[in-house]
Amino acid sequence: MKATVRAHPNIALVKYWGKRDEALILPHQSSLSLTLAPIHVTTTVEFGAGSDQVELHGHVAKGSERDRVLRLLDAVRVQAGRDLGPAKVVSRGDFPMAAGLASSAAGFAALAVAGRAAAGLPSDTRASSILARRGSGSACRSVQGGFCEWMRGEREDGEDSYAVQRFDAGHWSDLRMVVAIVDRGEKEVKSRDGMKGAVETSPYYAAWVKDAEAEVPRARELIAKKDLEALGELCERNAWRMHSTSLAADPPLCYLSPATLGLIQNLREQRKKGVPVWFTLDAGPNPVLLTDAAHEVTAEAVARACGAVDVVRCVPGGDATLLTEHLF
């Protein structure tokens, strides 16, 4: 009754920002992401331990952090339909946590797949995606690799709100995502609190929902054609509009640092020089640059010159995968 899974984070090209149901984590609009490799989170789950134990990234989880993990495993117990006993969970990532790099997405995707496997449940991508969503919304998009679309859904129980793979990791092997880490610290306002503030107080929020939903099919079309320039422009537009909802919230919330702004403004100059590089930005200060294989070295150099303390070059990542070696 033990299983270990490695899952990659994802970066939304068309963002998820705001829940219509806080308990089930159901979004106001659909979103579309790209799974990133080689960065990952590895999670081991074992049922039948002496007591519930949760260790995340080298520390014992407490409070709401621990509760989120155990609630997801409670859902696994319900699905299994039998007493599995207490659970021990150990999870480790190889990139900064809570800095806008979708660490929770990778973590809960790995937890969902490992939890089901440890409970003896059959492999089921849809069921794992729905389960992962219950831990962290964007986690539903990390169960599979490549380009995944989280469908908003209409049902109140959330059974039609899950992610489907639109293109696998090999579809656009030339695409590169360069993660520019300008700040390794944890963000002061977590994503779930930031989006709640935007939903409840931003006068721009309704317009954001309508616009973002319309961008998903446009993004799918551009990915199918591998049109980097048009996709890059769409990603930048969508990121600016997401962050605008939070800037207009009450109180206003800004995830961008001076280094963030300096880097993304510099990209305009790079494009004038013929460098095909654009940015996207989740809820944190660290931009992710979109470019191609021929220009990823240049993109890294630009990021470092603009203040990045570290840079991680990524390629399209694959599915969450069961491993034979465990963390304990």
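This is a predicted model: local features need pLDDT of at least 70, side-chain atom pairs count only at pLDDT 80 or more; totals for chains, interfaces and linings use all residues.
The contact draws on 35 residues from domain 1 and 50 residues from domain 2.

How much area is buried between domain 1 and domain 2? The figure comes to about 3,400 Å², and carbon and sulfur atoms account for 69% of that. On the domain 1 side, a trio stands out: Leu-13, Lys-15 and Trp-17 together provide 24% of the area that domain 1 buries against domain 2, more than any other three residues.

Next come the polar terms. Across the interface of domain 1 and domain 2 there are 11 residue pairs in polar contact, with both residues at pLDDT 80 or more. Looking at which pieces of domain 1 do the touching, the elements that hand two or more residues to the side facing domain 2 are β2 (10-14), β5 (31-37), α1 (63-80), β10 (147-150) and β11 (163-167). Strand β5 gives the largest share of that side, with 6 residues. Sorted by class, the side of domain 1 that touches domain 2 is made up of 19 nonpolar, 9 polar and 7 charged residues.

Salt bridges are worth a separate look. The structure as a whole holds 19 of them, and 2 salt bridges are found across the interface of domain 1 and domain 2.

In UniProt, an unreviewed entry carries the annotation "domain: Mvd1 C-terminal" over residues 177-296. In the model, that span is 57% helix and 11% strand, and its end C-alpha atoms lie 8 Å apart.

Two cis peptide bonds can be described here. Ala-37 and Pro-38 are joined by a cis peptide bond with omega of about 10°, and Pro-38 falls in the loop between β5 and β6 (41-47). Strand β5 is also the element that gives 6 residues, the largest share, to the side of domain 1 that touches domain 2. The other cis bond runs from Asp-250 to Pro-251, with omega near 0°; Pro-251 sits in the loop between α6 (228-247) and α7 (258-272). Then there is Ile-25, which has a positive phi of about 55° despite not being a glycine. Ile-25 is in a loop as well, the one between β3 (19-21) and β4 (26-27).

Methods
Residues are numbered from 1 along each chain as its sequence is written. Side-chain values use heavy atoms; hydrogens and water are left out. Contact means heavy atoms within 4.5 Å. Buried area is the accessible area (1.4 Å probe) that two parts lose on being put together, summed over both. A salt bridge is a side-chain nitrogen of Lys or Arg within 4 Å of a carboxyl oxygen of Asp or Glu. A polar contact is a pair of N or O atoms within 3.5 Å; within protein, one must be able to donate a hydrogen and the other to accept it, and residues adjacent in sequence count only if both atoms are side-chain atoms. Helices (H or I, at least four residues) and strands (E, at least two) are DSSP runs, numbered from the N terminus. Ala, Val, Leu, Ile, Met, Phe, Trp, Tyr, Cys and Pro count as nonpolar, Asp, Glu, Lys and Arg as charged, and the others, Gly among them, as polar. UniProt positions are given in the numbering used here, feature names are shortened, and annotations may be inferred rather than shown by experiment.
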